Amino acid sequence: MAKKKRGQPLKSCPECDAQCHARLATCKKCGFVFYKKKKKFIEDWKEELKPGDHVRVVGRSGTYYIKESGEKVYFTNPGVYLVKHIRDDGIVAIGTGRICHGYEFLYMGKEKQSSMLDSMYNSPHKLIGVSLKRKGES
Ligand SMILES: [Zn+2]
């Protein structure tokens, strides 16, 4: 039943020569790893991060408040941030994207009710490490 698509992007495995779809991370035949998927959240942020690193803030993470309808509204825009300072309870960072720019405090402590507002909660951000390659570097 499946229609055979023409012109699929393919790459050949250097180990077994199998034709694999270009987006596959591992060879379907022999398991050769083309590239490692980088989707692991940063856990030990105090150890792993230092000023000058870039991190991606995942959407729907971090400090939020709960509307009367029960909907959660998150304060931090998802996107890539440049780490400026590491503090005891979070990270001072600068947004580098179009929707996230300017200084932002990325709270990383335990989830707790905010001291400012009953319906607001401080919640740790989910971060993914980013290595940005500059132009001209290989
Ligand atoms: Zn292979």
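A residue is buried if 20 or more other C-beta atoms lie within 10 Å of its own, exposed if 12 or fewer, and partly exposed in between. In this predicted model, 17% of the 138 residues of the chain count as buried.

**Layout.** The chain has one helix and eleven strands. Their order, from the N terminus on, is β-β-α-β-β-β-β-β-β-β-β-β. Consider contacts between residues at least 6 apart in sequence: 35% of them join residues at least 24 apart.

**The core.** Eleven residues make up the largest nonpolar core. Among them are Trp45, Leu49, Tyr81, Leu106 and Met108.

Met108 belongs to the core. Leaving out residues up to four places away in sequence, Met108 touches Trp45, Asp89, Gly90, Ile91, Pro124 and His125.

**Valine 83.** This residue sits in strand S6, residues 79-87. Is Valine 83 buried or partly exposed? Valine 83 has 19 other C-beta atoms within 10 Å, so it is partly exposed; the buried class needs 20 or more.

Which residues does Valine 83 touch, not counting those up to four places away in sequence? The contacts are Leu49, Lys50, Pro51, Gly52, Asp53, Val55, Ile91 and Ala93. Valine 83 and leucine 49 are 34 residues apart in sequence. In space, their C-alpha atoms are 7.7 Å apart.

Note on methods: Residues numbered from 1 in each chain as written. Predicted model: local features only at pLDDT ≥ 70, side-chain atom pairs only at ≥ 80, totals over all residues. Core = buried A, V, L, I, M, F, W, Y, C linked by C-beta atoms within 7 Å. Contact = placed C-beta atoms within 7 Å. Helix = DSSP H or I, 4+ residues; strand = E, 2+ residues; numbered from the N terminus.
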